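Open the model in your viewer and keep the selection panel at hand.

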Amino acid sequence: MKADTGKTGITEAGSRNRKKRELRILAFMFGIWCIAAVFLLLYGDQVYSPGTVLRVLLGEEIRGAGYAVWTIRLPRVLVGTLAGFSFGIAGNTFQKILRNALASPDVMGITSGASAAAVFAMMVLGLSGLIVSFMALAGGVTVAAVILLISQQKEFSVNKMILTGIGIQAMLQAVINFIILKTSDYNIADALRWLSGSLNGVRMRDLSLFGFIVILCTAVILAYERELQILGLGEELPVTLGVNVKGSRRFLIYSAVILCAGTTAVTGPLSSVAFMSGHLAGRILKTGGTGTVHAGLIGALLVLISEAVGQFAFSTRYPVGVITGIIGAPYLICLLAGLNRKNG
Amino acid sequence: MEKGFTSLDHELKAEHLKAGYDKTVIIEDMSLVIPDHKITVIIGSNGCGKSTLLKTFARLIPPMGGKVLLDGKEYAAMPSRKLAQIIGLLPQSPLVPEGIKVSDLIARGRYPYQEVFRGMTKEDYAAVDEAMDMMGVAEFADRNVDELSGGQRQRVWIAMALAQETDILFLDEPTTYLDITYQVEILDLLTDLNRKKKTTIVMVLHDINLSARYADYLFALRKGKLAAQGTPDEIVCRELIQDVFRLDSYVTRDPVSDSPFIVPMGKYHSGVRGKKNASRGIP
Amino acid sequence: MERKQQTALFITVSMLMLAVSIPLSFMIGARDIPPGELMDVLLGKGGDTLCLPILQKRVIRTVLGLITGSALGISGCLMQSVTRNPIADPSILGVNTGASFFVVLGIAFAGIHTTAQYIWFALFGASVTALLVFGIASFSPGKGAVSYNVDPIRLALSGAAVSTAFSSLISTVMLPRTNVMQVFRFWQTGSIGSGTWSGILMVLPFLMAGMILSLVLIPSLNVLALGDDIALGLGVKVTRTRALGAMAGVLLCGATTAVAGPIGFVGLMVPHLVQVFCGNDLKAKIPLSALNGAALLLLSDIAGRIAGRPGELEVGIVTAFLGAPVFVMIVRKARVGK
């Protein structure tokens, strides 16, 4: 019939090649991350030598440098990395599940939900500190729950989910504007912090809980990697391939939402990171795979690089959220125009 | 010597099935048995319930009433993965994720056999390779699926279903958007599959004549009810076509395949048979 | 009930609602004016001098509510028709946020603070954003004529993404300038409470232009709804009609945003409500959207005054709360993008 030709092993060979390429890209990105991280550790109001920074990190007590590195720069690098990683993965997961490059938690009300809850807690309830962060997380998760509830009635469709998110986002924007309207002048600056992300004032102690949540949610998403791949095939094939569609989707979305809202709770909304990372990962990898880890790493890079730009490129210091927002706007436009060229 | 799997025996049937979407009932009360290891085609005009029937059997739609039984058990009683190893589907317009390679897409079909944290095993790779070979798409293994032609793409999708190693395969209008060349090619490939692997194939086709040629068994639906069932030779006749499609026709033999061949009779260009029918007293 | 009877009933109810809302708007507020007193003042019999200035303000408020409400109703109608998208609305499509952004730019860099100045910046911002969203979402380069085949989901997502982008740019501008925030936040939640006659007179020409244009376009838009190809075959200048329709829509919502700040969801809800009872013919839909838009806005404003005592809940937030569930219902019913 047909001979046992060297045709067997094609799939495995191809798959191995693609994996190798992915790892190489990952290593490359990690290299860039190292450069960015080192840069942010060395530079600041005072420039320290690599030797000094290394000694401080190893535990030596050096005045000035010790404070700068441990209290300001290292937390900034670590929290920034986690935040970018987190947003990147959240955005990528949403884009893959909803099969739409434009669908990201920032436009579907998740980030707005977190911001609105935080602003509400601060301005209306007068709370502050950790509880505001928890409320932000709760806000984002509640929005997600509402969206899922509404879109899973009758027949689920990703379009329903996207549109519901958009509608809720528009409403939440109005709510945020309204709360800010009613706030006393005194508190405005605080409120603004929640509308634009920033790494200022992050501390090492913020790291442990945050890091734990990020790692946990990322682990869940990675565990469902295969399901995520198959959900990209539409609504019907995953069912016939034996995927527990409802369950997988729920785990994936809630993990992404917790990543997104949780990060917003720590750093404020870093707009555009979620939406850019997944898309960029897809363009770089070009394999139609899920690219979860790559998206996360790209997110981390985006945040660190934006932070560096924000701190040093201009005469005024801009928080990282501003820079990512500025990058995001033209990126979005190019994306929209490009999408059209493909489908037009 | 065929390597790989050969389909197991199964009994798949519907008992007093009531099915539809949302609140709309399309199939009222249908009972039928899918012939095992055969090629079955479901025919009928638009809206008669063919797609609904197929999707209910492919477990995309839960029955509103009655039962669909696989080896005596309802789908809901079986674990999803187990079912996925027995029943596969090629939907009407499947989505191609951007940038995915042919071999990766086909590999998706191995999901029902994969463990949580394990990657692709030797068996998985072998199944994918075999599927590619059988469908003749091995040469495209590292190409993007969205670069392929319609016919090639369809072969890739069938290869994915093949890699799934199911005993039963449902196809929803697999040839509707293809050129005639590819239509015949795909149907021949499916026949190959049926003969070599004994896969039970159930499909909805829009072309009556191709249905009559390729089907071992036909289910003819009309308005949510089973109008007739049987082999093409048994049931395809002028009355059936009139009943199911409301089309006046002349049924002859396909000179190439010796299966029933339906020639429609419209208002014009029906001179030859029209006169003959008139003389026989048939309006 | 027969369709024609339904329609007639609907029109009657709408007019009643509008008729009722006007005197209610005069009467209700931080300090209620009882009907008796209201009649006295209106009939020129003097009455309590204290309530005169309040009443004057309320008259302005009511007039502003009427014209902005009808403008928003028509604008939503036009946008939904032009984009063939049942969820098109200035807040969903990001046009409001775009207008806001340019107003912020004006406040921050050009020190604007009067209604007249806001109007120009807001109009410009609304137009630019609309161009951006409609244009990018629909422009297919390399095909000769501009072909219009936009997936409604893509349009909605483009609008939402543009809105988010502008939002962050707004924060960018405001961050180092808390004084800008002080001024801007009063503008950012739509409200009809701080209008002036001069402000109204200033936007009136734009609103009239938009309304007249929309009336003129009704026949062409009706045909356009059948599909580009069919419309072309029937002699309708497709691109021009669409562009003019979009322009009218942007004029109406831009001018409204300029004078009252961004008010969302009215343009979304009202055309759907009208459609349920009166079908899709724009000859009925546009005037009725104006009517119901005005009524809805006024009633929302009144509700805001009651709920927010002793202050008020600005109409922008009331419509947002009303609009979100309605939006969700529309999404479920309309099966957008299927």
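Select residues 12–21 of chain B, which are strand S1, together with residues 24–34 of chain B, which are strand S2. In this predicted model, the two strands pair in the antiparallel sense over seven bridges. To see one facing pair, show B:Leu17, which stands opposite B:Met30 in S2(B).

Now look at the turn of this hairpin, where two residues lie between S1(B) and S2(B). Pick B:Asp22 in the turn: its phi is positive, about 45°.

B:Lys18 has B:Gly65 in S4(B) as its bridge partner, and B:Leu12 stands opposite B:Leu70 in S4(B).

Move to chain A and select helix H5, residues 130–151, and helix H6, residues 158–182. Two packed helices are described by the angle between their axes and the distance between the axes. Here the axes come within 9 Å and cross at roughly 135°. Why is H5(A) called oblique to H6(A)? The crossing angle is roughly 135°, and angles over 145 degrees would be needed for roughly antiparallel, so H5(A) counts as oblique to H6(A). The crossing of H5(A) past H6(A) is right-handed.

Show the side chains where these helices meet. H5(A) contributes A:Val143, A:Val146, A:Ile147, A:Ile150 and A:Ser151. From H6(A) come A:Lys160, A:Met161, A:Thr164, A:Gly165 and A:Ile168. Coloured by class, this contact has six nonpolar, three polar and one charged residues.

Last, show both chains and select the contact between them, made by 29 residues from chain A and 38 residues from chain B. On the chain A side, the elements that give two or more residues are helix H1 (10–42), helix H9 (225–231) and helix H10 (237–240). The largest share, five residues, comes from H1(A). Colour this side of chain A by class to find eight nonpolar, 13 polar and eight charged residues.

Definitions and conventions: Residues are numbered from 1 along each chain as its sequence is written. Chains are lettered from A and ligands numbered from 1 in the order in which they are written. This is a predicted model: local features need pLDDT of at least 70, side-chain atom pairs count only at pLDDT 80 or more; totals for chains, interfaces and linings use all residues. Two residues are in contact if their C-beta atoms, placed from the backbone, lie within 7 Å. Helices (H or I, at least four residues) and strands (E, at least two) are DSSP runs, numbered from the N terminus. Ala, Val, Leu, Ile, Met, Phe, Trp, Tyr, Cys and Pro count as nonpolar, Asp, Glu, Lys and Arg as charged, and the others, Gly among them, as polar. Two strands pair if DSSP finds at least two bridges between them. Axes are lines fitted to C-alpha atoms, for helices over the stretch in contact, and angles run from 0 to 180 degrees between N-to-C directions. Angles under 35 degrees count as roughly parallel, over 145 as roughly antiparallel, 65 to 115 as roughly perpendicular and the rest as oblique. A crossing is left-handed if the near helix is turned anticlockwise from the far one by less than a right angle, and right-handed if clockwise.
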